[in-house]
Structures are given as C-alpha cells and as structure tokens.
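Trainee: I have a chain open here and would like to go through it with you before I set anything up. Can we take it piece by piece?

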Amino acid sequence: MRGGGDCARGSRGNDAEATQPVAQGIETWRQTVSVFIDGESGTTGLGIRARLEQLREIAVLSLPPEQRRDRAARRDMMAAADLVVLCLPDDAAREAAAMAAELGSQAPRLLDASTAHRVDPAWTYGFPEMADGQAARIAAAARVANPGCYPTGAIALLRPLVEAGLLPRDYPITINAVSGYSGGGKTMIAAHEQQGGPAFELYALGLEHKHLPETALYSGLTRRPIFVPSVGHFRQGMLVSVPLHLDTLPAKPRGADLHAALSARYCGCPMVSVAAPQADGKLEPTALNDTDRLELFVHANDARRQAVLVARLDNLGKGASGAAVQNLRLMLNLDPQPC
C-alpha cells in the first residue's frame with residue numbers, strides 16, 4: 001500500500017489472529033485494512049459506515065454504544081486501526097487527533113470530517129480533483145481534512161477560473177447556496193421531520209459561516225467572499241451558485257470561456273462533470289441524491305454580460321460521506337487516481 005510504514009500496519013498478525021477481537025467489546029470484520037469511525041452514530045458517520053460495509057477490502061471496527069465516550073476504549077481502538085475517521089464536533093475532533101498522536105509509532109492515519117483542521121497546514125485538504133497532484137498528496141498524507149459540503153461546490157467552480165486568470169483573486173465574490181436539512185445535524189433533522197420545519201430559510205446572516213475560511217483559501221481568493229447559505233424543506237441535495245458580471249472581469253470572458261476553463265480542469269475526472277446549461281434555465285437540488293458525483297454548470301447571458309456558475313451535489317455524498325470514502329480509499333491505496 002502507498003504511504004510506507006503507516007499503510008503497512010494493515011497486515012499485522014496472521015489470518016487466525018485477524019479474526020479475533022482486538023479489545024473487549026469490539027465488533028470487527030477484518031479483511032485487509034481496518035478503519036475505526038470515531039463518532040459513527042451521527043449522519044456523516046452512519047453514511048461512511050454504510051459505504052464501508054460494502055467494501056470487502058476494509059474491516060470496520062466499532063465500539064458498543066456504551067463505550068463510545070470512554071476515552072480509554074477509544075484510544076485502544078485507535079491503536080488497533082490502520083485509519084481513523086473523526087466524525088465529531090470541532091473541539092472533540094481536535095482532542096481526538098491529539099489522543100491519536102499520543103500513540104506515537106502506533107498512531108493511525110486520520111481523516112477528519114469536521115471543520116477543525118481544514119485550513120491547518122499540517123493537514124492535507126481532501127478534495128482530490130481540486131488541483132494537479134492533490135490526489136497523490138492525499139494518498140501519501142498521515143492526516144487529511146475532509147472538505148465541507150458548500151466549499152466543495154464553491155471551490156470546484158472558482159479555483160479553475162482563478163488559476164486560468166479569468167477571475168482576479170481579489171474579485172468581490174458572492175456565493176449563494178441551498179441545502180437539504182440533513183446537513184444541519186440531528187437537531188435540524190428533527191425540526192423538519194418531526195415538526196414540519198420551515199419551507200425555506202436563510203441562515204448565517206451574520207456573515208461568519210464556518211465554511212468561509214476553507215472556501216477562500218482553496219479557491220485562491222484574497223478577498224473574503226460573501227456567503228449566503230439557506231435550507232429547504234427537503235432531506236438532501238444541494239446547489240451552490242456564484243453570480244458574475246462578466247464586464248467587470250479584466251479578461252472580459254464569455255460564458256464559453258468559463259465553461260472551457262472548468263472543462264479543462266476536470267477532464268477525465270469521473271466524479272466531477274461540467275454539464276451543458278439546462279435548456280429550460282432550471283436546476284433542482286436533488287438530482288444527484290444518493291450519488292457521490294458533482295456537476296458544474298455555467299449559465300450565461302452574453303448579451304447582458306452576466307453569468308451564474310452552479311454546482312450541484314448531494315450534501316451527504318460528495319459533500320460529506322462520499323467524499324470521505326473517496327479520500328479513505330486513496331489513503332489506503334484502494335483506488336486509482338481520480339483524474
């Protein structure tokens with residue numbers, strides 16, 4: 001497996017030993033490499049586990065519910081695993097990462113699904129299609145930060161245009177987005193499924209959404225964008241859109257130029273596609289539900305010198321669990337390069 005000594009830990013012990021529990025109370029189905037999801041009972045953790053249980057190459061390690069807050073039990077599980085996925089609140093994820101580091105040579109590789117480490121230079125950002133060589137960096141990394149759902153769409157749209165010189169780094173960008181309510185966690189899910197929930201609502205109107213730092217950093221922007229997220233009364237699905245006044249851009253691009261730059265960036269990437277504009281001028285957010293794909297669109301009115309960039313994804317797929325499993329497979333050398 002790629003990654004040298006860290007990856008080789010998946011072959012410890014003989015086949016007979018591999019079938020035995022590694023600690024009291026641990027459920028395990030060992031095949032080739034072992035993964036422990038710290039925080040598996042949340043929406044993202046459940047999604048990751050469901051995907052991993054379909055992969056014969058991966059053994060999912062799990063603690064019984066009564067031990068999942070037991071620090072010693074979690075630490076023992078980390079020592080037993082080749083890779084640990086952190087599906088925890090930010091502060092708990094930082095604590096878990098520190099606990100893993102205490103294991104020294106027995107420390108597993110880490111994949112963090114929280115916001116805690118996404119702009120930390122000691123961690124590799126887990127968006128394989130983002131840039132040339134990014135998938136290889138993820139494959140070799142000891143610590144990978146899974147991207148946020150909204151940033152996945154925004155970065156996918158903006159970074160190629162910045163790199164192509166079509167969008168200045170200091171351009172005043174506005175990002176609008178709508179997500180299904182499953183992205184809001186257990187409280188929001190309960191509000192919608194048990195109480196009916198609002199049909200639609202804007203939120204984070206204080207303009208301090210936690211996804212802004214990674215969006216600006218990995219898009220290559222030097223000016224902080226305005227980000228206006230919203231939630232609709234549907235379980236999953238997402239649209240991220242960026243309006244542009246083309247006549248204010250120094251290169252004076254046309255819609256076709258924006259489409260060409262995106263197409264060139266993601267050519268050969270099976271999970272990311274650049275689609276033709278919808279003939280009816282409509283896009284709905286649920287079309288990619290239960291997939292791990294990301295679709296990008298450029299809707300332009302060249303006569304008016306205006307365009308809207310749109311990313312569509314499942315917030316639980318490429319926006320969360322699906323992206324985590326894609327990164328995990330790269331880290332464990334179970335997948336070819338994604339582009």
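Trainee: Is Tyr150 buried or exposed?
Mentor: Tyr150 counts as buried, because its relative accessibility is 4%, and keep in mind throughout that this is a predicted model.

Trainee: And Phe227, what's its relative accessible area?
Mentor: Phe227 has a relative accessible area of 5%, so it is buried.

Trainee: How many aromatic pairs are there?
Mentor: The count comes to two aromatic pairs. In one of them, the rings of Tyr125 and Tyr218 have centres 3.9 Å apart and planes at 10°, and because planes under 30 degrees apart count as stacked, that is how this pair is classed.

Trainee: Where do those two tyrosines sit in the chain?
Mentor: Tyr125 belongs to strand β6 (residues 124-125) and Tyr218 to helix α9 (residues 212-219), so the pair links distant parts of the chain, 93 residues apart. Both Tyr125 and Tyr218 are buried.

Trainee: What about the rings of Tyr150 and Phe227?
Mentor: Their centres are 5.0 Å apart with the planes at 70°, so that pair is edge-to-face. Because Tyr150 lies in helix α7 (residues 149-163) and Phe227 in strand β10 (residues 226-232), the pair ties together parts that are 77 residues apart in sequence.

Trainee: How many bridges join β13 to β14?
Mentor: Eight bridges join strand β13 (residues 294-301) to strand β14 (residues 306-313), and the two run antiparallel. As an example of the pairing, Val298 has Leu309 in β14 as its bridge partner.

Trainee: Now β4, which way do its side chains point?
Mentor: In strand β4 (residues 83-86), Leu83 and Val85 point one way while Val84 and Leu86 point the other way, and all of them are buried.

Trainee: What does β4 pair with?
Mentor: Strand β2 (residues 33-38) is joined to β4 by four bridges and runs parallel to it, with Ile37 standing opposite Val85. Four bridges also join β4 to strand β5 (residues 109-112), again parallel, and there Leu86 stands opposite Asp112.

Trainee: Are Cys267 and Cys87 buried or exposed?
Mentor: Cys267 counts as exposed because its relative accessibility is 61%, whereas Cys87, at 16%, counts as buried.

Trainee: Last topic, then: what do the totals for the chain look like?
Mentor: The chain holds eleven helices and 14 strands, and buried residues make up 52% of its 339 residues. It exposes about 14600 Å², of which carbon and sulfur atoms supply 51%. Of the contacts with a separation of 6 or more, 73% come from residues 24 or more positions apart.

Notes
Residues are numbered from 1 along each chain as its sequence is written. This is a predicted model: local features need pLDDT of at least 70, side-chain atom pairs count only at pLDDT 80 or more; totals for chains, interfaces and linings use all residues. Side-chain values use heavy atoms; hydrogens and water are left out. Buried means under 20% relative accessible area, exposed over 50%, partly exposed in between (1.4 Å probe, protein chains only). Contact means heavy atoms within 4.5 Å. Accessible areas come from the Shrake-Rupley method with a 1.4 Å probe; for residues, only the protein chains shown count as cover. Rings of Phe, Tyr and Trp (its six-membered ring) pair if their centres lie within 6.5 Å; planes under 30 degrees apart count as stacked, over 60 as edge-to-face and the rest as tilted. Two strands pair if DSSP finds at least two bridges between them.
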